[in-house]
Structure formats: structure tokens, C-alpha cells
Amino acid sequence: MHRLRSARWAALLVGLALIAAACGGGDEDSGGGGGEAQIKEGGTLSFASDQEQAGFNPNTAKDNLFALSNIVTSIYPSVFNIHPDFTVQLSKEFMDSAELTTEDPQTVVYKIKQNAAWSDGTPVSADDFIFWWENCNETNKKADCVSTTGYKDIESVTGSDGGKTVTTVYKNKFADWKSLFSQYIIPAHYGKAQPGDWNTGFDKNPEKIPSAGPFIVDSYTAGQSLTLKRNDKYYGTKAHLDSIVFRYLPESTTQPAALQNNEVDMIYGQPQLDQVKIVEAIPDVTSQINFGLQYEHLDFNTKNPLLADVAVRKAFATGLNIQQIVDRTVKQFSDKATILGNRFFMNGQPEYQDHRGSYGNGDIAAAEKLLTDAGYAKGGDGIFAKGGKKLSFNISTTQGNKLRETQEQLIQAQAKEFGMEIKIKNAEADVLFGEWLPKGNFDISNFAWVGTPFAVSSNQPIFSTGSAQNYGKYSNKQVDDLFTQAIQELDPAKSAELGNQADQLLWDDMATLPLYQKPQLIGWRNTYTGIGDNLSSQGPFWNAGLWAQKAA
Amino acid sequence: MLSFIIRRLLIAIPLVLLSSVLVFILVANSGDPLTELRGRNPPVPPQVIEAREHELGLDKPMPQRYVSWLTNFAQGDMGKTIRGVEVRPLLWQRLKITLRMVILASLLAVVLAIGAGVLSAVKQYTPTDYTFTFLGFLFLSMPVFWLAALLKEYGAIRLNKLFGEQVVYTVGAETPNLTGGLGTRLADWAGHLVLPTLALALISFAAWSRYQRATMLDVLGSDYIRLARAKGLSRSRVMVRHALRNALIPLVTVVAIDIGAVFGGAVITERVFSWQGMGALLVEGVTANDVNVLLAWLMVTSVVVVLFNLIADVLYAVLDPRIRYG
């Protein structure tokens, strides 16, 4: 929850003062938690969405919201889907194959199913791939593209076999090629025919946008709801449900009561303790707390002369008791909460390796020894210092986030025990992410990074020398080189191994300190089957075509 | 009277303009609306951010941005939100939702307040008076969100279980994709309206009933009421024609002004019942630093407030001939 900045409040107050003055894609498997229940065709599921989408092109920065992903995952196809176990698998209903055919130059050949077509009859073809590439390869300067990563490395995209075979040739090698042309391919023929084309052509009349997924938009009432209905022209397995209604309920605290009162059938979001208790107490509702690809961590500003000393960072990480932080925060929601030992791969991913070693165990003696060995001495106030400079740091996070504020208080108390002074200095999210972090106005900061299964390309901007998102200004040539190698390594196993090597180096340098994966709450009425969480960017609706009502 | 109305309207124009300047300066200086875009991972390409800056006019000096906004606004173009949605249809849609809740709540509150206020005054220092006084102060001091939580639990969830069907709703203004005739639609609207209307009405009732009690007591103690009684007029005639009519005059003006203010949205009530009205729009605008949304909201609510103040003045003059001839 963001708090409002003082100036905005002032603006609000002027408004109020004036009044006062005047007064005076479902495909392969269900992956759900519904088991093997007998199903009943038809029915409607109502979902509480705390966000409302702006437009319907998820590949623009303007429209790229999680709320939109929940909708379009059942409308637009993807070459690859991210499954709940974070594996990246070919969408078998949409594609015959997608293969790396040549390594140099890197060439990927996609074969689209012959029967794959948009609901207006137009085949899904190379045109749709080209439309995406042309708008995201940085040649069209006016195109609003959410990410050009990978697309700018492609030299050409050509169609053959009546557009059903797409050949992409790369000018620079790109290991995470499976991240491209997935989530989500939009209909080029429709977009090009609209005023506004790629940028705003998908803003209005969503019920007219053709679908190549199990559902299609039936109706949309701004501010109220959006309804998907079964796409009867879908070339794959037809959806079981007749419709899915997305009800916009921006205040997440209203959702448990709405679930209890049968106004919605499914809720999803970050858990709050009281809400979890309410949802768990509803008799006909299944709820789960799961841990996904987002993780909480501490960023160290290496431009701070004291934090630039690796011994100080290591001592801090050694003295900190992360288990206590986990126990007092996320473990309140779920016993599954654990400490995280990797920045690139999360618990549950096959590539995950725990590199944490002895960090985060609350070893005060070891932390003090590290500082003493580095020439620091404890002062009369119990705080270590060197050359007259005390180990005193500010910790900053998003103001108003109770969980993070609790974390800060725990860190403050723990740090005092191993001779470091921590002062809490928080800011609104927009100030923290818009000003303090980019400008380096922090010592230690606690926030979350959102991961993807494409660990190398998503982490390179965070840890590479000179990158804008490398807020702590960490720099290690070995890490930079490993990223360069990993991003050009076309063997996924080798690329992951290089990623793990880079992560080990980041632990050795104590560049940042991962804490734990963030929990997500999902709850649904027991009368439905097939529902389960998918904690990747694809979200829980990734297999909505397979959701169904249980037979009585 | 006509010249009075025109004069009041002419004074209102610079007032509204000045407030728009102030809000523009405050909002435009309170932060970067593209912060979220800048902080994404993977990073949004710089040219996309530049294009958004240009589209929102963030690359222009502030006076130029304001003049451009004002020129467009005068031509009926309220601009777009930072996510590219047209503000004008958004605003009307939100206003309609708020009105649905506010009008009914105000009507209910007025009726209850007059009834309770008059009864309290007539039966001063009796158990009836104490009961209404207690209720008045109870609702006056009760936060809306807490009242809402109670209403949801006891007025919806348990009630629906009791009936065995969905009668009262806790979120939204209506059920999406409702099929059926007018009767079904009306029942659905009513089911959604009950809780937010009650919450809002009870809060307004509390203040207005205290006000009505005080003015009624004032009138009841006046000489002309004593004279009316001395003349032998019936109790009901004294109460209704002489006391109540006069005691209503101040309340009418208070209610007119309050209703004007409520057009801006019942911020908390809308939030806790997930009504996407004007109050919710204001919160969204402030949170997202959305200048166009905030300015449009401000202009509409300012005009409505000014209009209702004018109505209050006119009503006062109509109800009390002394004002007209004064």
C-alpha cells in the first residue's frame, strides 16, 4: 500500500478546502490443485481483480500490468508457457515446434500449427511474429515496447510455408530465446487496421479483438468488470467454463468478505494476516500460500565508503539472523517460508543452488571477528568504528509496508548486537524507486526483485557494472564476463551453470543479501476444479481453459 | 434575484480557475508519474519513456502545460490519464455511480434526521430524546470503515445465510452481466445499494439530526410559537405549520451545501464497498500523480459545489421572505 506524499495530500486538501470554503492459454496440463474431480461443462467463475487494465497490448509499457496478463493469457497465444514448476514448455496446442536449428548465426525456426487461427478466421502466422519484432527491435522509435531485450538482437524474421513457419536469425547470440514471442502474441492484422496501430490500437473495444485462445472478450464495463466467454472457434481444447468475470475490486481488504458472501469465486494477491485468517475460515473455499519468483533482499550502496569495504558487508550479513526475520514475518502466513540462498534461481527451480553458506545465521562472534580483523574497533557505545568513522547506516524501504517495517526493526535490533548502528529512513515507493535508489541516496535498502525463469537476461541489468538498475553500483569484471558468456551460451544447462557461478561470486562479494521469496495468497471456491497457482509472470489463469465446475 | 445569481456565478469563475492553478502546481511538483515505468525490470527502453513524457507533456515547461490543459478543457477535452484512458468518459461514469449512492443516502438521512431531530426537541430530556442523542453521537463518532465491516458481517453475510440466497451485496454497484427484467435489475441495484447507503446515511443523519434538534428547540422557544399556542391553535398545527416550517430553513441550506460537497465522492465509503465512484477516482488520481484526472475531478466538484451553494442561497430566500425583501 502506497502512502500519499505530502504535496499530493496538499493537492487533495486544496480540493477539499475549496469545498469547505464554499460551504463556508490452456494447453498441456492442468497443474491445478483441483485433483481428478468429475466435471460439469458450463458455468461462470467470478474473480476479484484489484487492478483494472488500461489497454490490451501486453507488450507495450503502457498496458503491461499483471491484471492484463490474467486476462490475455486465455486470449493471445504464446510459443512457450511458464508452468507452475517454473519450467518453460512449448505450447503444444499452438505450436508444432520451436527449435534452435543453427548456433552460428543463431537461428530459431518456429512451426505454427496449421489449424491455429484467430477467431475471425485469420491464421496465426509469421505476420504476427514480424509485427512484434518490428515494434520491439528499437528501429521504430515511436513504438511503445515494454522490453526490447532479445528482439534487438534479431537480424531478420521471415515467414514461409504460408506463414506457418517462422525463421528468426540473430545478429547477436541470445541464450534466453525462449523468452521471446511468448506472453503474448497479438493479432497483427487487427492491430494494423486500427488507428494507433501497435501503441494504442488495442485500447478500445476489446470485444472486437480476435482471440487465438480458449476464451474471448465478451463485454467490458470500465470500472466494473470484464467478461471472457468461451471461444467456440478455438482450434485447441475448448474451455469447460462458459465465462470468467473479472470484477474490479481495488481495495483488496474487501475481497475476503466478497468471497465469503459468494460475490466472487476466486481471489489472488499478497497476503495480509487478517485476510488469510478470514479466507482460511470460509468453509467451502480452498486457499493456499505459495512462494514464487519475487524475493525480498537488502541492497548495499557500495558508494558509501564504509559499505565499499567488503569486510563490513560480510560482517553485516554474517551477524544478521535471517531465520528470525523469516519467522517473524512471512512464516506467520505459511510454514513453507524459508531463507533464500540464490539471486537468480528460486527454491523450486531445478537450477537452484544454495550459495548462502554461513551468512544470515546470526553469528555475532564471527561478525565481530571479521570487523576486528579488518581494523575496526568497538567504541564505548558498542558500535564499531575505524578512522573515527562509526559503522552507522540508514536502512530504507517503502513507507507504509508493515512487513518491511517489521524487518527493518528486527535488522536494527540485530545489528546493534554485532556493533553496527542502523537508522530507519523510509520513503514513499515512488520516491524510493524514482529518486533515492537511482541516485544512490541510500546506504542499505530493502525491496523486492521480480524474477523470471530467464534468469540470465533478467538479472544482467541488476548486477552488471554501470547498469541503471544496479543501484548499489556493485562492480566485478568477473561477474560482467560471466553474464556476457551466459547470455551467449545457447545450451540452457551451461547458461544456468554460468549464472550460478555469477551468483556465487555475488555471495563472495556480498553484493546484495537475499532474504526470502515473497508469498502469494490464492483462494477459490471448492465447487471449481483445475485451479492452482502459477507464480511466474504468466499468473494463475495460465490454464483457465481447463478450469471447470465439479459435477454435483 | 437574477442579478444576485449572475453575480455569484461570475465570482465563482476566478475561484475555480485559481484552485485549478494551485492544484496543477502542487500535483505537477509532487513527483514523477512515470516512476513505476522507470523502475521496471527488464527496463523499459528510454525512447518509450521519452515518448510517454512527450505525450503527457512532461517535457514542456509547467506554464505551457497548464495553458495547454486549460485550452483543451475549455473545448471539452479533459485529456488522458497517465495510462492513456480518456478522462471525460471516465469522469462521467464515476459521477453516475457516486450519484446513485449519494442521492439515496442523502434522502434517507434527511428524512431520518428531521424525524429524529423534531422528536428529540419536542420530547426534550425524555428517554426518546436520550435515545436519539445517544444514536446521534454514536454514529457521529463511528468510523465509516468500522461501520462498514459490521454491516458486511451482520447486514450481508449472515443475513444472506439466513435467507438462503443472495439478497444483500458487499462490493460493487451492480452484478456484472445481469440478465432479467427491470424487476431483477432494480432488486440487484437495491441489494448493492443497501450497505453503502446505510453507512453514508447514518453518518449524515447523526450530524443533521443534532442540527435539526437544535433549530427546532430554538423555534419552539420563540415568541411567535407561544403566541400561536395562546391563540388556541391545535398542537399539530403549531408544530407542523409554524415550528417545523421555520426550523427546516437552516437545515435545508446545510443539506444543500453538504450534498454539493458529497458529489466529490464519499472517499472511504466508496473504498470499503469497492464502488468505483468519484471518491475512488480522486484517490487513484492522487496515488498515481495523475494531473489530468485530478484537475477534471476538481473542476467538476468545484462547479457542483458552487452550484449547490447558489441553490442553498436561493432556497433560503424562497423559504424566508425576509431575505428576499431584506
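What percentage of the 552 residues of chain A count as buried? The figure is 54%. A residue is buried if 20 or more other C-beta atoms lie within 10 Å of its own, exposed if 12 or fewer, and partly exposed in between, with C-beta atoms placed from the backbone.

1. Basis. This is a predicted model, in which local features need pLDDT of at least 70, side-chain atom pairs count only at pLDDT 80 or more, and totals for chains, interfaces and linings use all residues. Residues are numbered from 1 along each chain as its sequence is written, while chains are lettered from A and ligands numbered from 1 in the order in which they are written.

2. Chain A overall. Chain A holds 15 helices and 22 strands. Both are DSSP runs, numbered from the N terminus: helices are H or I with at least four residues, strands are E with at least two. The radius of gyration of chain A is 25 Å, close to the 24 Å of the globule rule for 552 residues, so chain A is as compact as a globular protein of that length. That radius is taken over C-alpha atoms, and the rule is 2.2 Å times the number of residues to the power 0.38. The C-alpha trace of chain A spans about 80 × 70 × 55 Å along its principal axes.

3. Chain B overall. Chain B has 14 helices and zero strands. Its C-alpha trace spans about 85 × 60 × 40 Å along the principal axes. Of its 326 residues, 41% are buried.

4. The interface. In chain A, 59 residues are in contact with 56 residues of chain B. Contact means C-beta atoms, placed from the backbone, within 7 Å. On the chain A side, H1(A) gives the most, with eleven residues. That side divides into 27 nonpolar, 20 polar and twelve charged residues. Here Ala, Val, Leu, Ile, Met, Phe, Trp, Tyr, Cys and Pro count as nonpolar, Asp, Glu, Lys and Arg as charged, and the others, Gly among them, as polar.

5. A sheet in chain A. Four strands form an open sheet in the order S5-S6-S8-S7 (chain A), paired antiparallel. Two strands pair if DSSP finds at least two bridges between them. Strands S5 (95–103) and S7 (154–160) of chain A are the edges, each pairing on one side only. S5(A) and strand S6 (residues 106–112) of chain A are joined by seven bridges. A:Glu103 stands opposite A:Gln106 in S6(A).

Key
Two residues are in contact if their C-beta atoms, placed from the backbone, lie within 7 Å.
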